[in-house]
Every structure is written in structure tokens, then in C-alpha cells.
Amino acid sequence: MKVKVVTNILEANDRLAAENQKIFDELGVFVINLMSGPGAGKTSVLESTIKEVNGKIKIGVIEGDIAGDDDARRIESLNIPVVQINTGGACHLDANMIRVVMNELPLKDIDLLFIENVGNLVCPAEFNVGEDIKVMLLSIAEGHDKPLKYPLMFQTSSALILNKIDLLPYTNADIQKIKKDALSLNPGLKIFEVSCKTGEGVSEWVKWLYSIVNNKP
Amino acid sequence: MHEVGIAQGILDIALNTCKNNNYTKVDSIKVRIGKAAGVLPDSLIFAFETMKIGTEAENATLIIEEVPVSGVCNSCKENFSVDDPYIIQCPNCGNISLRIDTGRELNVYELEVS
């Protein structure tokens with residue numbers, strides 16, 4: 001006997017992600033899934049963001065890494081509630097990993113939760129974890145060919161932070177090409193040029209953060 | 001991408017359908033996998049063959065139907081359909097602003113059970 005089912009194979013993750021999002025919504029937490037390749041500066045951008053925000057909105061962080069707790073220690077030293085997930089090899093976070101740790105954070109006291117995904121330009125974009133938006137980073141030294149090589153992450157993100165722009169004079173990276181290709185893939189993408197080293201561009205990024213966090217219904 | 005997890009997802013869907021409807025055996029499972037879903041069919045079958053042992057789907061065949069990447073170019077408005085998973089340019093005019101309609105499917109759509 002033939003039975004029609006038509007069921008999404010990743011349904012379990014999508015269902016859990018939707019449940020996570022409902023919990024975050026009820027507690028009034030805006031959630032950003034922060035993604036990039038390894039070493040683009042996700043944790044540095046978080047540190048700069050936390051310093052610039054300076055308590056005006058309450059931030060919490062979930063750190064995802066294959067191993068280690070270096071990132072969580074860096075965030076914790078800024079007196080920000082943080083929980084570390086070690087995926088033990090998995091190249092991305094999924095909705096169930098977030099579900100397991102979310103209650104270790106004081107969610108009622110958090111306005112903006114950053115979920116720092118595992119450094120990887122591919123898989124994190126495939127798995128929703130219950131976020132309101134995805135934001136990605138690309139550092140200048142990674143080169144201007146990345147939007148066309150890894151299109152999905154650029155297509156699914158609401159904002160792109162071009163980090164380490166202080167390195168522009170020392171590389172052959174064509175920042176105009178990065179912006180042009182990223183906007184062709186995703187015309188609604190907000191692009192911020194940032195250097196965590198010099199502090200350039202951090203305030204524009206944080207201003208945009210305020211606007212989207214405060215506009216959450 | 002993550003063929004073991006996806007094989008487990010397929011198996012779960014088949015076994016839950018069996019359990020909920022009192023079927024005792026799965027004979028075949030048809031899945032639709034988009035060319036841009038990042039799944040390697042050979043790896044998926046390998047994972048499925050290993051994981052089905054000892055379940056009601058022990059003798060089941062996994063039948064994979066691959067779905068091409070198709071959509072419309074936002075610039076020249078031409079429809080396209082290709083097997084290249086990483087299409088980023090319109091095959092007609094070369095523009096990279098595309099609306100993708102199919103190619104990311106990851107569905108179980110039919111079971112043969114008894």
C-alpha cells in the first residue's frame with residue numbers, strides 16, 4: 001500500500017525553532033543568530049557592541065563553538081550573562097541545542113540575545129534556531145569573492161558586518177565588489193563597515209540594533 | 001551536508017507513520033531532494049542502509065528523486081532550470097539577482113507500507 005506523507009525531513013528542527021521563538025517572544029527577547037566563517041571577528045564585534053551599548057539595552061549571549069570556552073570567558077569578563085555550547089564536532093548550532101541551554105540565562109532580564117554560531121560560512125545558514133534575524137560578518141581579509149562562493153548566508157541574513165576594514169590598505173580586497181555582489185544576492189541587506197580595532201562604524205551598527213530591538217512588537 | 005541526521009529524519013518519518021497507522025513493514029520510501037539542498041545522494045543511501053537495520057524499515061528501499069534548481073531571473077524575467085547546485089547567475093543574461101523557486105527540497109513524499 002502506498003501512503004502519501006509529504007513531510008519536511010528537517011521538520012523536527014523547524015518545529016523546535018518555532019517553539020524557541022515563541023518562548024523568546026513571550027519574554028520580549030530579540031534574538032540575533034550571528035554567523036560568519038572562523039576568525040571573522042564575531043566575538044570581537046560582540047565585545048565592541050557590548051561596550052558601545054553600555055547597559056542601555058540588556059544583552060545576553062549564547063556562544064557556540066566546537067570546543068573550548070575562550071569566547072564565553074571574554075563575554076563574561078564584561079559582566080554579560082553568557083552560556084557556552086560545545087558542539088563536540090558539529091559544524092553548526094541547531095534549535096535543540098538552544099532549547100537545552102536557554103534557561104541557563106536570565107531571559108526575563110534580557111532585551112537582546114546574541115547566538116554566536118559556530119564559525120562556518122555554510123551550514124549555520126541552513127538551520128534556524130529560533131532567531132528573529134540572522135546577521136553575518138565577513139572580514140576584509142577573507143577576500144571579495146565570498147558572496148558569490150557562499151551565497152546562502154548572504155541571502156538569508158538581514159545585515160552584513162564587513163569587519164576589520166582597517167586592513168583594507170594591506171589587502172587586495174575590493175570592498176565595492178563585496179557590497180555590490182551581496183546586494184545583488186539580497187537587495188534588502190543592511191551593510192555596516194566596522195573595525196573593532198579602531199572602533200570605526202561600531203556606533204552606526206549599534207544605532208541600527210537599537211532601532212530593530214525597540215521595534216520588536 | 002549532514003546525511004546521517006537527514007537519514008535519521010527520513011527513518012523517523014517512516015517509522016512514526018507505521019506506528020500511528022498500525023503498519024508493520026516499510027517497503028520503500030520516496031524522498032525529494034533539491035539539487036541545492038547540499039545532500040549527497042550516495043552518502044544519504046549509505047547512512048540510511050546502516051541505520052534501517054533492526055527497524056520496521058529494515059528491508060525498505062530509499063528512492064531519491066532529485067529536484068533541479070529552478071526560478072526566475074529578476075532582471076530578464078526568463079525562467080531557468082539547472083542541475084548546478086550553486087547557481088548564482090542567470091543562464092540567460094548573467095545577472096545574479098534570482099528568485100529561486102525549487103532546489104532546496106528535503107521531503108519524504110510517499111511510503112510503501114504493509
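Start inside chain A: select strand β6 (residues 133–139) and β7(A), which run parallel and are joined by 5 bridges. Strands here are DSSP runs of type E with at least two residues, helices are runs of H or I with at least four, and both are numbered from the N terminus. Two strands count as paired if DSSP finds at least two bridges between them.

Before moving on, note that this is a predicted model, in which local features need pLDDT of at least 70, side-chain atom pairs count only at pLDDT 80 or more, and totals for chains, interfaces and linings use all residues. Residues are numbered from 1 along each chain as its sequence is written, while chains are lettered from A and ligands numbered from 1 in the order in which they are written.

**Stop 1: strand β7 of chain A**

Select A:N163 in β7(A). Opposite stands A:S139. Now look to the other neighbour. β7(A) and β8(A) also run parallel, joined by 4 bridges. Pick A:A159 and find its bridge partner in β8(A), A:K190.

Is β7(A) enclosed or open? 5 of its 5 residues are buried, so the rest of the structure largely encloses β7(A). A residue is buried if 20 or more other C-beta atoms lie within 10 Å of its own, exposed if 12 or fewer, and partly exposed in between, with C-beta atoms placed from the backbone.

**Stop 2: the whole sheet in chain A**

Zoom out. The open sheet has 7 strands, in the order β4-β3-β5-β2-β6-β7-β8 of chain A, with parallel pairing. Its edge strands are β4 (82–86) and β8 (190–193) of chain A, each pairing on one side only. Neighbouring strands of this sheet are turned by 20° against each other on average, direction ignored.

Next, select strand β3 (residues 59–65) and strand β5 (residues 112–116) of chain A. They pair in the parallel sense over 5 bridges. Click A:E63, whose bridge partner in β5(A) is A:E116.

**Stop 3: helix α8 of chain A**

Show helix α8 (residues 202–214) of chain A. It lies across β2 (30–35), β5, β7 (159–163) and β8 of chain A, at about 145° to β8(A). Axes are lines fitted to C-alpha atoms, for helices over the stretch in contact, and angles run from 0 to 180 degrees between N-to-C directions.

Check the length of α8(A). At 1.5 Å a residue, its 13 residues should span 18 Å, and the end C-alpha atoms are 18 Å apart, which agrees. The expected span is 1.5 Å times one less than the number of residues.

Which residues of α8(A) are buried? They include A:V202, A:V206 and A:L209. Seen down the axis, the buried residues of α8(A) fall within an arc of 50°, so they line one face of the helix. That arc is taken from the directions from the helix axis to the C-beta atoms.

Where do the two helices meet? A:S48, A:T49, A:E52 and A:V53 in α2(A) meet A:V202, A:S203 and A:V206 in α8(A). Contact means that the C-beta atoms of two residues, placed from the backbone, lie within 7 Å. The axes of α2(A) and α8(A) come within 10 Å and cross at roughly 75°. The two helices are therefore roughly perpendicular to each other.

**Stop 4: across to chain B**

The contact takes 19 residues from chain B and 19 residues from chain A. On the side of chain B that touches chain A, the largest share, 8 residues, comes from β6(B).

Select β1(A) with strand β6 (residues 106–113) of chain B: 5 bridges join them, and they run antiparallel. A:K4 has B:E110 as its bridge partner in β6(B). 4 strands form an open sheet in the order β1(A)-β6(B)-β1(B)-β2(B), with mixed pairing. The edge strands are β1 (2–8) of chain A and β2 (61–67) of chain B, each pairing on one side only.

Finish on B:K19, in helix α1 of chain B. With 10 C-beta neighbours inside 10 Å, B:K19 counts as exposed.

Technical notes. Parallel < 35°, antiparallel > 145°, perpendicular 65-115°, else oblique.
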